[in-house]
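Please open the structure in a viewer and keep the selection tool at hand.

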Amino acid sequence: MSGSVTISRRIEWDMAHRLGPRCTTKCKNLHGHRYVAIATLAADTTDDLGMVLDFGDAFRVMKAFVDGSLDHACIVDRGDADLLAFLIQQGDKRCEVEFPSTVENLCSWLAARFQEGFDTLPAAAGRGVQLVELRVFETPNCYADWKVQPAS
Ligand SMILES: Nc1nc2c(c(=O)[nH]1)N=C([C@H](O)[C@H](O)COP(=O)(O)OP(=O)(O)OP(=O)(O)O)CN2
């Protein structure tokens, strides 16, 4: 039977954010989440063992970025000047971005960061290993999906 196969790897981290004064709901307040991301990868060709990518290699890339930039950080929109100034004054771990930290924006941005990491893997070289889908849960009930643009 014809078809294609993908693999998926999950990672979790803790992070603070706020949507700030422009948001009229409770999410305007500084608060934290246990975020969950599930990355789905495909490849043009599998490796000698039939793997899209070893789960360990995929996880190392995701963990390096998550631990370095996101875990126990506050993600902050550079436009949220008051929060940014506070984090700098406190010397707290922060992840500065150019967008409000909705889960939709975070998901699209994180997809690009993960793909940059996968591109550095020797095990992925020349096989067209690509992130095709990323699901990010902000709460157990709320998530966003990013999907790769189909080639035209
Ligand atoms: N489209 C979006 N809507 C909302 C976002 C978002 O990123 N995109 N974010 C928030 C809040 O930051 C919050 O994390 C979600 O809160 P809530 O809807 O209350 O989700 P819960 O799972 O906590 O729901 P409960 O029923 O209160 O447990 C809001 N909206």
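In this tour, contact means that heavy atoms lie within 4.5 Å. The model is a predicted one, in which local features need pLDDT of at least 70 and side-chain atom pairs count only at pLDDT 80 or more, while totals for chains, interfaces and linings use all residues. Residues are numbered from 1 along each chain as its sequence is written, and side-chain values use heavy atoms, with hydrogens and water left out.

**Stop 1: the whole chain**

The C-alpha atoms fill a box of roughly 55 × 30 × 30 Å along the principal axes.

Next, display the surface. The accessible surface of the chain is about 8,800 Å², and carbon and sulfur atoms account for 52% of it; such areas come from the Shrake-Rupley method with a 1.4 Å probe, and for residues only the protein chains shown count as cover. Of the 152 residues in the chain, 38% are buried. Buried means under 20% relative accessible area, exposed over 50%, and partly exposed in between (1.4 Å probe, protein chains only). Among contacts between residues at least 6 apart in sequence, 62% join residues at least 24 apart.

**Stop 2: the ligand**

Which residue has a polar side-chain atom 2.6 Å from an oxygen atom of the ligand? This residue is Thr139. A polar backbone atom of Val103 is 2.8 Å from an oxygen atom of the ligand, and an N or O atom in the side chain of His31 is 3.5 Å from an oxygen atom of the ligand. Each is a polar contact, a pair of N or O atoms within 3.5 Å; within protein, one atom must be able to donate a hydrogen and the other to accept it, and residues adjacent in sequence count only if both atoms are side-chain atoms. Taken alone, the ligand exposes 620 Å², of which the protein buries 57%.

**Stop 3: Gln115**

Now select Gln115, which is in helix 3. Is Gln115 buried or exposed? Gln115 counts as buried because its relative accessibility is 16%. The side chain of Gln115 reaches the backbone nitrogen of Leu131 at 2.7 Å. Not counting residues up to four places away in sequence, Gln115 touches Val129, Gln130 and Leu131.

**Stop 4**

Move to Gly68 in helix 1 (residues 55-70). With a relative accessible area of 53%, Gly68 is exposed. Leaving aside neighbours within four places in sequence, Gly68 is in contact with Lys63 and Lys93. Gly68 and Lys93 are 25 residues apart in sequence, and their C-alpha atoms are 9.7 Å apart in space.

Finally, select His72, in the loop between helix 1 and strand 3 (73-77). His72 is exposed, as its relative accessible area is 58%. The phi angle of His72 is near 60°, a positive value in a residue other than glycine.

Note on methods: Helix = DSSP H or I, 4+ residues; strand = E, 2+ residues; numbered from the N terminus.
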